[in-house]
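Here is a friendly walk through one protein chain, taken a few residues at a time. Keep the structure open beside the text and follow along.

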Amino acid sequence: MRIGLVGYGTGGRHFHAPFIAAARGVELAGVVARAPGTVAKIEADLPGTPIFPSLAAMIGAGGIDAVTITTPPETRRELVLEAVDAGLHVIADKPFAPTAEGGRELDAAAKAKGLVLGVFHNRRLDADVQTLRKVVTGGRLGRLWRVHSRMDFDDPATLEAGPTGGLLRDLGSHLVDQMLWLLGPVTSVDAQLDFVDLPEGRTDASFTMTLRHERGTRSHISASKLNRLNVREFRAYGDGGSYVASGTDVQAQAIFAGKRPVDDLEGWGYDSEEFWGTLRTASGVERVPSEQGRYHDYYEAFARAVREGAPPPVTAEEAVRTLVVLDAARVSATEGRTIEVGAPAGFAEGREALRLADAALESLKAGRVVRIDR
């Protein structure tokens, strides 16, 4: 599969290009970029790779099967629709739409053309998440009660500012998707957002959230980027014991250190022993070896989906479920109440979905509480 990369900021440079290079059956066919500094980075990182000034120019050159859209959030809708209109399969970075209703629009457009639309929720493939999933599905915790997920980064420079950005849509997209993938559909959301005033506008810079899942499990997630902390932690509790792990975001840190997965596919993406999680049960205390984190598996699975007609590794429908929760979280935070998001499939359907989406978008733009009449 020949794929074009649209955008070469932090996402394109660090979380897409190196993993496209490591994925079997995938070839990077070109990059869209205009800024001279960005073009210079591409020429240094990816010598010989064609560079295009626009998606239209890349499409006009031909020879590509799919594109990854990793531009700023407010630009993604139009670029996804442009790619779909040209008959290309698409990987959209998260969040792939401003609201769940917007996500459904993009999903419908791709399906109408018979194209594969996947969303890059790559953090299902984090080493610590893969290890937690193995612990949870292995039954060692007994009946699972709750999971706590904390992601604090000391990284204020990457906070996407203004009403179309914010940490809820950024890290919240990953953390909610992980919990839906691990624990299943959500029935209610209770969230709190913390804001800062930036030149680009009022921006949510931190959040906490409680999700109640259909099966009775609860998840508690939180994240920040401005509080001078670097903490990645999972805690899982069940009637059979507990599991605690503090990881290192091992794949991202390796990339930032100049390493590339293609140079050591077998050894890539493992947390070192000092960061292994601890499982406590009636049988005693044991360290749990790290599973492998492999973001490049996303691209290999997407290529198979294009080739064989199978679902992509994260479908647009799954990503819409995440957006439903994020929409509800914003309304919950602005109105100070728990939001029901529908059962049993975890979707907010019909009129209620539209009202949640509209209220979430309006409150995001206006920076104020938007009440929903019931």
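Phe120 is buried in this predicted model, because its relative accessible area is 1%, below the 20% cut-off for burial. Its ring forms an edge-to-face aromatic pair with Tyr298, at 5.0 Å centre to centre and 80° between the planes. The two residues are 178 apart in the chain, with Phe120 in strand 6 and Tyr298 in helix 9 (residues 296-308). Tyr298 also counts as buried, at 1% relative accessibility.

Where does strand 6 sit in its sheet? Strand 6 (117-120) stands at one edge and strand 3 (51-52) is also at an edge; each has a single partner strand, so one side of each is left without a neighbour in the sheet. The sheet itself is open, has six strands in the order 3-2-1-4-5-6, and pairs in the parallel sense. The partner of strand 6 is strand 5 (residues 89-93), and the two pair in parallel over four bridges. In that pairing, Asp93 stands opposite Phe120.

Helix 1 (residues 10-22) lies across several strands, namely strand 1 (2-6), strand 2 (27-32), strand 4 (66-69), strand 5 and strand 6. Relative to strand 1, helix 1 runs at about 175°.

The peptide bond from Lys94 to Pro95 is cis, with omega near -15°, and Pro95 lies in the loop between strand 5 and helix 5. For context, most peptide bonds are trans.

**Helix 4 and its surroundings**

Two packed helices are described by the angle between their axes and the distance between the axes. For helix 4 (residues 73-85) and helix 5 (residues 100-113), the axes come within 10 Å and cross at roughly 5°. The two helices are therefore roughly parallel to each other. Helix 4 contributes Arg77, Val80, Leu81, Val84 and Asp85 to the contact, while helix 5 brings Glu105, Leu106, Ala109, Ala110 and Lys113. By type, the residues of this contact are six nonpolar, four charged and no polar.

Which residues of helix 4 are buried? They are Pro73, Arg76, Leu79, Val80, Ala83 and Val84. These buried residues pack against strand 1, helix 3 (55-61), strand 4, strand 5, helix 5 and strand 6. Just after helix 4, Gly87 takes a positive phi of about 85°.

**Aromatic rings**

The whole structure holds seven aromatic pairs. One of them joins Phe19 and Trp268, edge-to-face, with 6.1 Å centre to centre and 65° between the planes. Phe19 is in helix 1 and Trp268 is in the loop between helix 8 (250-256) and strand 13, so to speak a link between distant parts of the chain, 249 residues apart. Both partners, Phe19 and Trp268, are buried. Ring pairs also link Phe15, Phe19, Phe256, Trp268 and Tyr295 into a cluster.

| Strands | Sense | Bridges |
|---|---|---|
| Strand 5 and strand 6 | parallel | four bridges |

Gly277 lies in strand 13 (residues 277-281). Is Gly277 buried or exposed? At 2% relative accessibility, Gly277 counts as buried. Leaving aside neighbours within four places in sequence, Gly277 is in contact with Tyr243, Val244, Ala245, Glu286, Arg287 and Val288. Gly277 and Arg202 are 75 residues apart in sequence, and their C-alpha atoms are 37 Å apart in space.

Most residues other than glycine have a negative phi. Arg228 is not a glycine, yet has a positive phi of about 60°. Arg228 is found in the loop between strand 10 (218-224) and strand 11 (231-238), and at 58% relative accessibility it counts as exposed. Asp249, also not a glycine, has a positive phi of about 50°. Asp249 lies in the loop between strand 12 (241-246) and helix 8, and is buried, with a relative accessible area of 11%.

Notes:
Residues numbered from 1 in each chain as written. Predicted model: local features only at pLDDT ≥ 70, side-chain atom pairs only at ≥ 80, totals over all residues. Heavy atoms only, no water. Axes fitted to C-alpha atoms, helices over the stretch in contact; angles between N-to-C directions. Parallel < 35°, antiparallel > 145°, perpendicular 65-115°, else oblique. Contact = heavy atoms within 4.5 Å. Nonpolar A, V, L, I, M, F, W, Y, C, P; charged D, E, K, R; others polar. Buried < 20%, exposed > 50% of the residue type's maximum accessible area, 1.4 Å probe, protein only. Pairing = 2+ DSSP bridges. Phe/Tyr/Trp six-rings, centres within 6.5 Å; stacked < 30°, edge-to-face > 60°.
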